[in-house]
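Biologist: I am new to this structure and would like to go through it step by step. Could you show it to me, and then answer some questions?

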Amino acid sequence: MAHTRVIAVGNQKGGVGKTTTAVNLAACLAERRQKVLLIDLDPQANATSSFGVEKREGGSIYRALLGDARVQDLIVPTGIDHLDLLPSEVDLAGAEIDIARADRYLHRFADALAPLLAADHHDVILIDCPPSLGILTMNALCAADSILIPIQSEYFALEGLSVIERVIGRLRASGANPRLEIEGIVMTMYDGRTNLAQQVVAEVLKHFGEKVYETLIPRSVRLSEAPSYGQPIIVYDKHCTGAAAYRQLAREFIKRRKAEAAQSVAQAGSGVETVAGLIANTTPPPLPGSIAASAPVATEPAPAPEAAPVAAPQSSAEPK
């Protein structure tokens, strides 16, 4: 990767697998030797707990947002090679008030992150955002190159997705972050045995096309258990369906990033803008050898045998 990619993992709706996706995608990217920093920007500090890291006073990015500390000094190891963590703690909730009173209140996080990005120590920075559209989430979106949106395979997820899309449009149009784009949409808690889950996936594909990751994250008891042991799923149970799904998502993520980087290099080399090049800037190229999504993904009642993750159905529809 040419430079550190900053990706906010966000959805204003809670309970959609946002933190689970941030934690386990980070771990699976690190497993593939990507240098990853996970920033826990949620005062609930669930991503911090997921690695068994202590929530200590002053350990979050709070002081850095106010200009009283350096982000580099707050990073801690996770015990997983190539994966660092900037933890959170409950006092971070106070940042919502303090940042709102400060100058450049939408860019405090970007300003704090700038020295770290200049050092270029990481390939990817993932930001676990709060489940809201408050000041902290807005700061993350103004600092990020893109947003990864996990959504639950249920009806209300569709309404939340339209809200996020409008927010992205406003941040771009206002100049707060003109480069912000949708990195991708990850369907979580998928149960292929229900018609509703299949209908929701089809509807999201209809509107967002190739922005939707092929990998479907299944409902999994093991995924729910792992945080209570302070471990990502590939450490807690590396052979379960949840581990297989997030490994597959990490592979797909890396392929998309490499394809986009190659396209950018090709465009720069030619010196000529093309329609295909313009499309490639907004829509990641399709992955070869996709898996049919009609195969059901079983829920994982313990101790039922694990089933392999499946991929989303293909759609020829263009994203909005």
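Modeller: What follows is a set of questions and answers on cavities, surface, backbone and salt bridges. This is a predicted model, in which local features need pLDDT of at least 70 and side-chain atom pairs count only at pLDDT 80 or more, while totals for chains, interfaces and linings use all residues. Residues are numbered from 1 along each chain as its sequence is written, and side-chain values use heavy atoms, with hydrogens and water left out.

Biologist: How many cavities of 30 Å³ or more does a search of the whole structure find?

Modeller: Rolling a probe the size of a water molecule over the atoms shows where empty space is left. Here a cavity is a set of points, on a 1 Å grid over the protein atoms alone, where a 1.4 Å probe fits but cannot get out, and its lining residues have an atom within 4 Å of a point. Grid points are joined across faces, edges and corners, and a volume is the space filled by probe spheres set on the points. With a threshold of 30 Å³ or more, the number of cavities found in the whole structure is four.

Biologist: How many charged residues are in the lining of the second largest cavity?

Modeller: The second largest cavity has a volume of about 50 Å³, and its lining is made up of Gly10, Asn11, Gln12, Pro130, Ser132, Leu133, Thr137, Leu141, Ile147 and Ile164. For the classes, Ala, Val, Leu, Ile, Met, Phe, Trp, Tyr, Cys and Pro count as nonpolar, Asp, Glu, Lys and Arg as charged, and the others, Gly among them, as polar. By that division the lining has five nonpolar residues and five polar ones, and the number of charged residues is none.

Biologist: How many residues of helix 6 are buried?

Modeller: Helices (H or I, at least four residues) and strands (E, at least two) are DSSP runs numbered from the N terminus, and buried means under 20% relative accessible area, exposed over 50%, and partly exposed in between, with a 1.4 Å probe and protein chains only. Helix 6 is mostly covered, and the buried count is nine of nine.

Biologist: What is the phi of arginine 33?

Modeller: Most residues other than glycine have a negative phi. Arginine 33 lies in the loop between helix 1 (18–31) and strand 2 (36–40), and it is exposed, with a relative accessible area of 63%. Although arginine 33 is not a glycine, its phi is positive, at about 70°.

Biologist: Which residue forms a salt bridge with arginine 247?

Modeller: A salt bridge is a side-chain nitrogen of Lys or Arg within 4 Å of a carboxyl oxygen of Asp or Glu, and by this rule the count comes to 14. Arginine 247 lies in helix 11 (residues 241–270) and its partner in helix 1, so the pair ties together parts that are 216 residues apart in sequence. The closest N and O atoms are 2.9 Å apart, and the partner of arginine 247 is glutamate 31.

Biologist: Is aspartate 145 buried or exposed?

Modeller: Aspartate 145 forms a salt bridge with arginine 179, the closest N and O atoms being 2.8 Å apart. Aspartate 145 lies in the loop between helix 6 (135–143) and strand 6 (146–152) and arginine 179 in the loop between helix 7 and strand 7 (181–190), so the pair joins parts that are 34 residues apart in sequence. Arginine 179 counts as partly exposed at 44% relative accessibility, whereas aspartate 145, at 11%, counts as buried.

Technical notes: On a 1 Å grid over the protein atoms alone, a cavity is a set of points where a 1.4 Å probe fits but cannot get out, and a pocket is an open set with protein on both sides within 12 Å along at least five of seven lines; lining residues have an atom within 4 Å of a point.
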